[in-house]
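Let's take a friendly walk through a protein model together. Have the sequence and the 3D view ready, and turn the view as you read.

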Amino acid sequence: MTELSKTQTELNQPEPTKPPRSQWLDVWDQFKTHKGAMMGGVLFFLIVAGVYLGPFFWDIDATQIDIRSRNQGPSWAHPFGTDQLGRDLLARMMAGGSTSVSVGITAMLLALFLGSFVGVLAGFFKRLDGPLMRLTDLFLALPLLPLLLVMMLLFREPLNAAFGLEQGIFILIVSAIGITSWMPTARIVRGDVLALKEREFVLAARSIGTTNSKLITRHILPNVLSPIMVSATLGIATAIITESALSFLGLGFPPDFPTWGRLLFDGVDYLQQYPERVIWPGLAISLTVLSVNYLGDGLRDALDPRIRGR
Amino acid sequence: MLTFTIRRLVLAVPTLLFISLVIFLLLEMAPGDPMAQVPLTVPPEVKEKMREALGLGEPMPIRFWKWIVQFFWIEPQVLIDYYLGTTFSEGKLRVISWQTRSPVMDIVVQRIPQTLWVVGTAYVVAIIIALPIGIYSAYRQYSWFDQLGTFVSMVGFSVPPFFSGVLVIVIFSVQLGWFPSIYDTTLVVDSWDSFVKQLQQMIMPVMVLALQITAQLSRFMRASMLDNLNQDYVRTARAKGLSEYVVVMVHVLRNSMIPVVTVIALGIPAIFGGAIITEQVFKVNGIGQLLIGAIQANDLPMVQTLTFIFAVLIVLFNLIADVLYGILDPRIRYD
């Protein structure tokens with residue numbers, strides 16, 4: 001009797017007007033509480049908007065040489081001053097930033113794709129686990145910066161010939177960074193897949209005849225999304241730093257093609273007279289990487305269900 | 001433990017051989033020609049002779065084999081000869097640099113002390129700073145000290161050495177004029193004055209490198225301490241009336257040091273290889289600068305040997321880290 005009345009009262013209750021809270025709403029709520037991450041996110045958004053949308057408002061060409069107004073300090077015509085050839089530094093910073101950020105994001109996507117691919121395959125198929133993880137260990141044992149430098153030296157000419165100067169060097173840098181930075185993602189994803197594979201829902205999906213490819217794309221991948229997203233944000237940071245380091249060592253983009261690292265490298269020659277030429281690009285790199293790192297930190301906390309709600 | 005070590009050592013041999021092959025094949029595709037700087041007036045047959053003198057005339061597998069023999073068989077003999085005064089290596093061909101036409105290993109040995117001094121000091125300084133910061137910020141989690149430590153280590157992660165290096169040069173050598181911006185490797189320390197000079201020129205590169213390493217290590221230390229502070233054995237130790245100092249500095253610290261020690265061991269190869277950029281900024285003529293110079297000058301034997309030395313160090317210290325982990329943590333059994 002009581003049982004029945006209880007169900008009746010439950011049935012009489014008004015229909016829920018709101019849909020149940022989704023997982024992403026929870027994640028967003030947790031993310032909002034992390035002040036550093038919010039600030040990092042806003043800052044990163046501003047920087048990206050500035051370098052991509054800025055050129056629409058500031059229409060001086062980054063490569064336009066005006067030798068008469070060279071080496072100027074900050075003024076209304078040139079807020080960041082001009083360099084030794086009279087090129088506007090604000091325009092160069094924006095152009096350099098768009099290259100650096102594009103390289104960072106594209107290289108991160110490549111590394112993420114390779115890492116998740118290797119990680120999922122190694123975790124899911126037992127037979128591939130050994131060889132793929134040995135391959136990962138091998139890549140981890142390679143001295144990366146020297147190898148990157150060697151790769152830059154070797155493939156610059158053929159790729160330039162094939163795709164043109166800017167395209168060629170862009171492809172080269174992105175693939176070099178991507179190929180040398182997928183290993184951490186692969187390891188994390190593999191570990192998660194190994195644990196997920198033993199769960200009941202995977203067994204259930206398999207028992208109704210789900211094929212391996214569907215099982216991976218519909219059941220495994222969505223569940224390893226959070227570590228992938230965290231390594232994505234951190235991957236942007238490392239990719240931007242690596243690209244700038246290559247440019248700084250003179251083995252990155254060509255001189256007339258500004259990136260933040262290249263601008264810094266060019267500024268070092270005029271360090272004594274115009275230290276601000278080094279400080280602007282350096283500050284831009286550091287702030288971008290700092291904001292991305294904070295973003296990743298907050299994302300890691302937000303995506304971890306054990307911390308969420310605390 | 002011993003069998004594990006031996007097994008890993010045996011496994012390291014094919015890994016290293018494979019890595020050396022990968023490096024060799026990569027360099028094989030190099031577009032640069034070592035004969036590019038020879039004047040055009042030199043007749044082609046003479047050029048061919050010079051090419052053969054550099055060891056370029058033979059097919060690729062033979063050259064790879066020769067490099068292997070030179071590196072693994074002849075160079076150790078040279079080392080033995082040097083220490084014991086024997087003559088095993090007499091008349092045998094060593095790995096010759098194309099830039100200087102002198103043995104690669106001799107140049108490497110000349111350059112290693114500078115790198116070790118600067119980068120090694122930075123590593124030691126970083127460890128000394130990082131451990132107390134990590135311990136205290138974990139003990140007082142979310143205090144202002146912890147927040148500050150988090151921020152500083154985030155900055156340390158984010159500011160690349162080619163910016164922080166240039167920044168300290170701007171501040172301390174250009175504006176204040178306290179320290180020289182270029183590291184003078186010819187300086188001989190034999191008096192108090194020269195010692196002070198050496199200190200002055202070392203401070204900036206050491207600071208720049210130490211900031212980065214401190215950032216990573218203090219984060220690790222903090223995370224590892226936090227893992228242990230909530231464990232049951234800590235409550236037990238407090239419950240039986242041990243002083244707070246003993247609980248934290250003996251019980252928790254000893255357990256938290258296990259992963260940190262392995263991280264420290266894993267970072268040691270970076271002492272040799274990772275300071276390439278810092279060496280470039282401060283013009284320290286160490287190994288990193290040697291590598292950059294060799295890459296720019298297309299000196300393939302030098303690049304091959306240096307990259308391979310880095311790889312050997314990485315593999316070796318990975319092994320040492322694993323073994324250390326097994327020794328320090330009795331819960332881990334590899335066999």
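**Confidence**

Keep in mind that this is a predicted model. Chain A has an average pLDDT of 80, and 89% of its residues score at least 70. Within chain A, confidence is lowest in helix α1 (residues 2–12), with a mean of 64, and highest in helix α9 (residues 200–207), at 90. Where pLDDT is low, the predicted coordinates should not be read in detail.

**The build of chain B**

What is chain B made of, helices or strands? Chain B has 12 helices and zero strands. Along the principal axes, its C-alpha atoms fill a box of roughly 85 × 60 × 40 Å. Of the 335 residues in chain B, 33% are buried. Among contacts in chain B with a separation of 6 or more, 70% join residues 24 or more positions apart.

An unreviewed UniProt entry annotates residues 115–139, 151–179, 199–217, 257–277 and 308–328 of chain B as "transmembrane region". Two of these spans can be set side by side:

**Where the chains meet**

The contact between the chains draws 30 residues from chain A and 37 residues from chain B. On the chain A side, α5 (126–141), α6 (144–163), α11 (225–248), α12 (260–268) and α13 (276–303) each supply at least two residues. Sorted by class, this side of chain A has 24 nonpolar, five polar and one charged residues.

**Inside the core**

The largest nonpolar core has 138 residues, and B:Ala122, B:Leu291 and B:Leu306 touch the most other members. Helix α4 (residues 89–124) of chain A gives this core its largest share, 15 residues.

Not counting residues up to four places away in sequence, B:Ala122 touches B:Val206, B:Leu209, B:Ala210 and B:Ile213.

Next look for B:Ala126, in helix α4 (residues 104–139) of chain B. Why does B:Ala126 count as buried? B:Ala126 is buried because 25 C-beta neighbours lie inside 10 Å, and the cut-off for buried is 20 or more. Leaving aside neighbours within four places in sequence, B:Ala126 is in contact with B:Ala210, B:Ile213, B:Thr214 and B:Leu217. B:Ala126 and B:Ala210 are 84 residues apart in sequence, yet their C-alpha atoms are 4.7 Å apart in space.

**A helix to check by hand**

Helix α5 (residues 144–158) of chain B has 15 residues, so at 1.5 Å a residue it should span 21 Å. Its end C-alpha atoms are 21 Å apart, which agrees. Buried residues in α5(B) are B:Gly149, B:Ser153, B:Met154, B:Gly156, B:Phe157 and B:Ser158. Their cover includes α13 of chain A, together with α4 and α7 (192–229) of chain B.

**Two loop residues with positive phi**

B:Tyr142 sits in the loop between α4 and α5 of chain B. Its phi is near 65 degrees, a positive value in a residue other than glycine. B:Tyr142 is exposed, because 9 other C-beta atoms lie within 10 Å.

B:Lys283 lies in the loop between α10 (276–282) and α11 (287–296) of chain B. Although B:Lys283 is not a glycine, it has a positive phi of about 55 degrees. With 14 C-beta neighbours inside 10 Å, B:Lys283 counts as partly exposed.

Note on methods: Residues numbered from 1 in each chain as written. Chains lettered and ligands numbered in written order. Predicted model: local features only at pLDDT ≥ 70, side-chain atom pairs only at ≥ 80, totals over all residues. Contact = placed C-beta atoms within 7 Å. Helix = DSSP H or I, 4+ residues; strand = E, 2+ residues; numbered from the N terminus. Nonpolar A, V, L, I, M, F, W, Y, C, P; charged D, E, K, R; others polar. UniProt positions renumbered as here; feature names shortened; annotations may be inferred. pLDDT = per-residue confidence, 0-100. Buried ≥ 20, exposed ≤ 12 C-beta atoms within 10 Å, placed from the backbone. Core = buried A, V, L, I, M, F, W, Y, C linked by C-beta atoms within 7 Å. Expected span 1.5 Å × (residues − 1).
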